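Visitor: I am new to this structure and would like to learn how to read it. Please show it to me and take the features one at a time.

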Amino acid sequence: DDLENVRRFYQLQGFAKSEVGPPQIEEQGDELRLTLPIREGPRMRVVNLNHEGIESLPGKTLRDNLLLTPGGPFHPYLLETTLRNLRAAYQDLGYSGAQVSARQDWNAEHTLVDVSIDVLEGPQTLLDRVIVRGNRRTESEVIRRTLAVGRGDPISERRALEIERDL
């Protein structure tokens, strides 16, 4: 398990062809010395990171969700996690149909990549009104205040479920 963890660490740092192990154990008196040979291999790095179509996502939210950075390591997991995070951020803003995809342009040695993230935001779902019915003991205004949403607020499936749970 430890060898696999080290291998995955190197892969996430852009060393996709890294080789770890086998471990070598040497006795030195009453102590053991563990040597773990690591052959990193070529490193895959992001050269340019472009994004198109991102208009409604605040800059801080965008930066917080980008695991890939210019000059940083490339690994498919980092790209997929970045895309997943961006989709979730859009859904939280009420863009349930947002389409987020990426294009990769590699050099001949497959070590340097330009990544372009493309977004089609689509329509945003906004709250029109809250209708409170069936309450007998609790005032409608107390329920509305508890919901902490108002007319024009972005609404996502997750937020709708949170509101339902809070009620």
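Visitor: Why are Arg158 and Glu162 separated by about one helical turn?

Guide: Arg158 and Glu162 are separated by about one helical turn because they are 4 residues apart in helix H5. Helices are DSSP runs of H or I with at least four residues, strands are runs of E with at least two, and both are numbered from the N terminus. Before going on, note that this is a predicted model, in which local features need pLDDT of at least 70, side-chain atom pairs count only at pLDDT 80 or more, and totals for chains, interfaces and linings use all residues. Residues are numbered from 1 along each chain as its sequence is written, and side-chain values use heavy atoms, with hydrogens and water left out.

Visitor: In what kind of contact do the side chains of Arg158 and Glu162 meet?

Guide: Side chains of opposite charge can pair when their charged atoms come close. A salt bridge is a side-chain nitrogen of Lys or Arg within 4 Å of a carboxyl oxygen of Asp or Glu. The side chains of Arg158 and Glu162 form one at 3.8 Å, N to O. By this rule the count comes to 10 salt bridges.

Visitor: Is Asp92 buried, partly exposed or exposed?

Guide: Buried means under 20% relative accessible area, exposed means over 50%, and partly exposed is in between, with a 1.4 Å probe and protein chains only. Asp92 counts as partly exposed because its relative accessibility is 34%. Glu162, at 23%, also counts as partly exposed. Glu157 lies in helix H5 and counts as exposed, at 65%.

Visitor: What does the side chain of Asp118 make a polar contact with?

Guide: A polar contact is a pair of N or O atoms within 3.5 Å; within protein, one must be able to donate a hydrogen and the other to accept it, and residues adjacent in sequence count only if both atoms are side-chain atoms. The side chain of Asp118 makes such a contact with the side chain of Arg103, at 2.7 Å. Asp118 is in strand S7 (residues 112-120), and it counts as buried because its relative accessibility is 18%. Contact alone means heavy atoms within 4.5 Å. Not counting residues up to four places away in sequence, Asp118 touches Glu52, Gln99, Val100, Ser101 and Arg103.

Visitor: How far apart in space are Gln104 and Asp114?

Guide: Their C-alpha atoms are 5.8 Å apart, although Gln104 and Asp114 are 10 residues apart in sequence. Gln104 lies in strand S6. Leaving aside neighbours within four places in sequence, Gln104 is in contact with Phe74, Leu79, Val113 and Asp114. The side chain of Gln104 also makes a polar contact with the side chain of Trp106, at 3.0 Å.

Visitor: Where in the backbone is there a cis peptide bond?

Guide: Most residues other than glycine have a negative phi, and most peptide bonds are trans. Here a cis peptide bond joins Gly21 and Pro22, with omega about 0°. Pro22 lies in the loop between strand S1 (19-20) and strand S2 (24-28). His110 is not glycine, yet its phi is positive, near 60°. His110 is found in the loop between strand S6 (99-106) and S7.

Visitor: What volume does the largest pocket have?

Guide: Rolling a probe the size of a water molecule over the atoms shows where empty space is left. On a 1 Å grid over the protein atoms alone, a pocket is an open set of points where a 1.4 Å probe fits, with protein on both sides within 12 Å along at least five of seven lines; lining residues have an atom within 4 Å of a point. Grid points are joined across faces, edges and corners, and a volume is the space filled by probe spheres set on the points. The largest pocket has a volume of about 210 Å³. Of its 15 lining residues, the closest to its centre are Val130, Ile131, Leu147, Ile163 and Leu167.
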